[in-house]
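Visitor: I would like to learn how to read a structure, from the whole chain down to one residue. Could you walk me through it?

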Amino acid sequence: MDDFGLNPGINQAVLALAHQGRVQAVSCMVGGPAWAEGAQALRALDHCRVEAGLHLDLTECPLQPALCQPLGRLIARAYLHRLDIPALRTEIRAQLDAFEQAMGRAPAYVDGHQHVHQLPMVRTLLLQELARRYPAGGLWLRATRSPQGVAHADARTGFKSHVIASLGGRALSALARRQGLRQNARLLGVYDFTGGAPAYCARLERWLHAARDGDLLMCHPGLPTQAPDVLAAARQDEWAVLSAPGWADALAAAGVRLQPMGQILG
């Protein structure tokens, strides 16, 4: 589950679902306004059952505010190789430091808010820092490989899934293989954040039935909060579906068994 630390409503939803056994991975925004208060509760969870990872953030609340920029601009500057390398390296190190200090351990995995971890320049500096900091490896990286069309409810969200995968996913996987870092198989859960709870429920059933061993299902649940959040309505829709009774029945109907990705990848 993404965006832990961004606001209290997200933290509450993620922790509740973790206690219910409905989440096996929590992606943390260490520059988020609610990270400090949420980290203590997250640290208390059994890390063998719920993995905590760094949700590398350059577009919402990085630790260096001057680095924050809209996703479109970041993508353009990354592909033009116009990012500030020293500042970006410092930010990556600072976010990993902040995670380790709050959690008392290294992240189980690393991914990116809006998938920025796979962009040119960002992926190179990130993997360099992971090799320097964790020479024995052990963690995994989120891959953004798109599933087949049957996993998508409509052409628009299928297109979005393929666009995300095209923005550096293959290059990141090549670097990860050379460095001996593991990755999930495919990324499920991409959609346009519209349609309400019934549509999300239908999408979730489709993703579960399309899932294969090693796939990762991304989600963004949240409870109501006073903090501004452009995804607030979609987060509450996801919460309504993910917290509803019948979760075990939905998994059984799809033939899916949930496990922490680190255990699946070995």
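**Reading the chain**

Guide: Gladly! Keep in mind that this is a predicted model. Let us begin with the surface: the chain exposes about 11,800 Å², and carbon and sulfur atoms supply 55% of that area.

Visitor: What helices and strands does the chain have?

Guide: There are eleven helices and seven strands. The radius of gyration is 17 Å, close to the 18 Å that the globule rule gives for 266 residues, so the chain is as compact as a globular protein of that length. Along the principal axes, the C-alpha atoms fill a box of roughly 50 × 40 × 35 Å.

Visitor: How many of the 266 residues count as buried?

Guide: The share is 52%.

Visitor: Now a single residue, please. Where does L139 lie, and is L139 buried or exposed?

Guide: L139 sits in the loop between α5 (122-133) and β4 (140-141). Buried means under 20% relative accessible area, so L139, at 4%, counts as buried.

Visitor: Which residues is L139 in contact with, leaving aside neighbours within four places in sequence?

Guide: Its partners are P107, A108, Y109, V110, L130, Y134, L181 and R182. As for C28, that residue is 111 residues from L139 along the chain, and their C-alpha atoms are separated by 15 Å.

Notes: Residues numbered from 1 in each chain as written. Predicted model: local features only at pLDDT ≥ 70, side-chain atom pairs only at ≥ 80, totals over all residues. Heavy atoms only, no water. Helix = DSSP H or I, 4+ residues; strand = E, 2+ residues; numbered from the N terminus. Rg over C-alpha atoms; globule rule 2.2 N^0.38 Å. Buried < 20%, exposed > 50% of the residue type's maximum accessible area, 1.4 Å probe, protein only. Areas by Shrake-Rupley, 256 points an atom, 1.4 Å probe, with all protein chains shown as cover. Contact = heavy atoms within 4.5 Å.
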